[in-house]
Amino acid sequence: MSPAVSVEVKHAERTQSLNSQTQKKVFYIELLRVVAAVAVIAIHVLGPYRYLMGEIQQGDWVSAIAINGASRWAVPVFIMITGALLLSDTRPFSPGYFVRRRVMKVFVPFVAWSVFYAVLAGISLQNVNWTETVQRLTFFPTEETYYHLGFFYYFIPLYLLVPILRPVAQRDDPGLFYALLGSWFVLSAARLAGISLGLVEDLVLYGGYLLLGYVLHQSKLPLKWLLFIGISALVATEYTAISESVSSNRYTSAGWFSYKTLNTVLIAAMVFGLCQHWAERVSEPMQRKVAAVSRHSLGIYLVHPIFLWPVRELAFTPGMTWLTIPLVTLAVFVLSYMASVGLSKSRFTSWLVP
């Protein structure tokens, strides 16, 4: 083999290796999207159980609260995915492209679904209350028209941070980046202690997840340390929320179920790391299936309350919550996926499930 051919072969092998690594990175992101979508649905399925303390078996109530505590990482992980992808993008930043392809792609469906859910909120099994719909639309600029849409009120403003944080993340000297990340950890700990940051709280504490997603995307941390820290935080979260509720004889998370506190940060980092490691062990056929579902993760998020509407209207809260909540979650997830796929097939509705 000539030297020239040898160089070309080595270059091809190196390129193939880099492509393979990129695919693995992309796949674990796909996996994260799917598990986070499932966890979000679980949170909304179990929602009514939180306030049934004393009305259902204590074991069923504790199981529901335990599932709730074990799912709070879902929303932070969605933000971490955004940070991992957008802060690591090395292409020249184009404001026009960013607004058109990133911001508006989320904002326009959000507005359309807000109107739809304002209508749905006025419909019950007994009657149709248009006053409720009008009221929700009136307060739409500042309040969500349906419970799951609150996510967009703090997620969309995070796009404003991307052009600021991306150059910081990609600097040769990472000092400023880690200073910001460390400050965020301190502030999230302060939030757990009950200290509020006022008007900038959402932007700062949710914005920190962009940094965390980026750093975990760039540097895979040892799984054993992520597990130790994450499981410790999860146990503390579950114990505090359940014990505080039992002692006060009413449901209270004591602040530990917040998306903006240090315990949730640590649990979300653990889940992120777990998916990074699991991704390497998933077969290619399964990767393709997961990726197909992942493409509809936002659509699943947007449509799933439609299938929970009859469940909540009928006040369907069966016992054996350790089993029924996962089963209802799975059923709603499958139906939501099918609905998103159906909407995506028409050019008239595909924009609703980007």
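Apart from neighbours within four places in sequence, Glu-30 is in contact with Val-290, Ala-291 and Ser-294. This residue of the predicted model lies in helix 1. The contact with Ser-294 includes a polar contact between the two side chains, at 2.4 Å. The side chain of Glu-30 also takes part in a salt bridge with that of Arg-33, with an N to O distance of 3.4 Å. Glu-30 and Arg-33 are three residues apart in helix 1 (residues 3-46), and therefore about one helical turn separates them. The two partners fall into separate accessibility classes: Glu-30 is buried because its relative accessible area, 15%, is under 20%, whereas Arg-33, with a relative accessible area of 23%, is partly exposed.

In total, eight salt bridges were counted in the model. Side chains of opposite charge can pair when their charged atoms come close. One of the salt bridges joins Arg-166 and Asp-89, whose closest N and O atoms are 3.8 Å apart.

Another salt bridge is formed by Lys-260 and Glu-201, with 2.8 Å between the closest N and O atoms. Here too, distant parts of the chain are linked: Lys-260 belongs to the loop between helix 10 (223-248) and helix 11 (262-279), Glu-201 belongs to helix 9 (residues 201-218), and the two are 59 residues apart. Both Lys-260 and Glu-201 are buried. Through salt bridges with shared partners, Lys-260 and Glu-201 form one network with Arg-191 and Asp-202.

The UniProt record, an unreviewed entry, assigns the feature "domain: Acyltransferase" to residues 28-339. Over this span the chain is 71% helix and 0% strand. The C-alpha atoms at the ends of the span are 24 Å apart.

Ser-340 is located in helix 14 (residues 321-344). Its relative accessible area is 0%, so Ser-340 is classed as buried. The side chain of Ser-340 makes a polar contact of 2.9 Å with the side chain of His-296. Leaving aside neighbours within four places in sequence, the residues in contact with Ser-340 are His-296, Gly-299, Ile-300 and Val-353.

Aromatic side chains were examined next. Across the whole structure, 26 aromatic pairs were found. Among them is the pair of Phe-177 and Tyr-178, with ring centres 5.3 Å apart and planes at 90°. Because planes over 60 degrees apart count as edge-to-face, the Phe-177 and Tyr-178 pair is assigned to that class. Phe-177 is buried, with a relative accessible area of 3%, while Tyr-178 is partly exposed, with a relative accessible area of 45%. A ring is also involved in a contact with a charged group: the charged end of Arg-312 sits over the ring of Tyr-147, at 4.3 Å from the ring centre.

Notes
Residues are numbered from 1 along each chain as its sequence is written. This is a predicted model: local features need pLDDT of at least 70, side-chain atom pairs count only at pLDDT 80 or more; totals for chains, interfaces and linings use all residues. Side-chain values use heavy atoms; hydrogens and water are left out. A salt bridge is a side-chain nitrogen of Lys or Arg within 4 Å of a carboxyl oxygen of Asp or Glu. Helices (H or I, at least four residues) and strands (E, at least two) are DSSP runs, numbered from the N terminus. Buried means under 20% relative accessible area, exposed over 50%, partly exposed in between (1.4 Å probe, protein chains only). A polar contact is a pair of N or O atoms within 3.5 Å; within protein, one must be able to donate a hydrogen and the other to accept it, and residues adjacent in sequence count only if both atoms are side-chain atoms. Contact means heavy atoms within 4.5 Å. UniProt positions are given in the numbering used here, feature names are shortened, and annotations may be inferred rather than shown by experiment. Rings of Phe, Tyr and Trp (its six-membered ring) pair if their centres lie within 6.5 Å; planes under 30 degrees apart count as stacked, over 60 as edge-to-face and the rest as tilted. A charge sits over a ring if NZ of Lys or CZ of Arg is within 6 Å of the ring centre and within 35 degrees of the ring normal.
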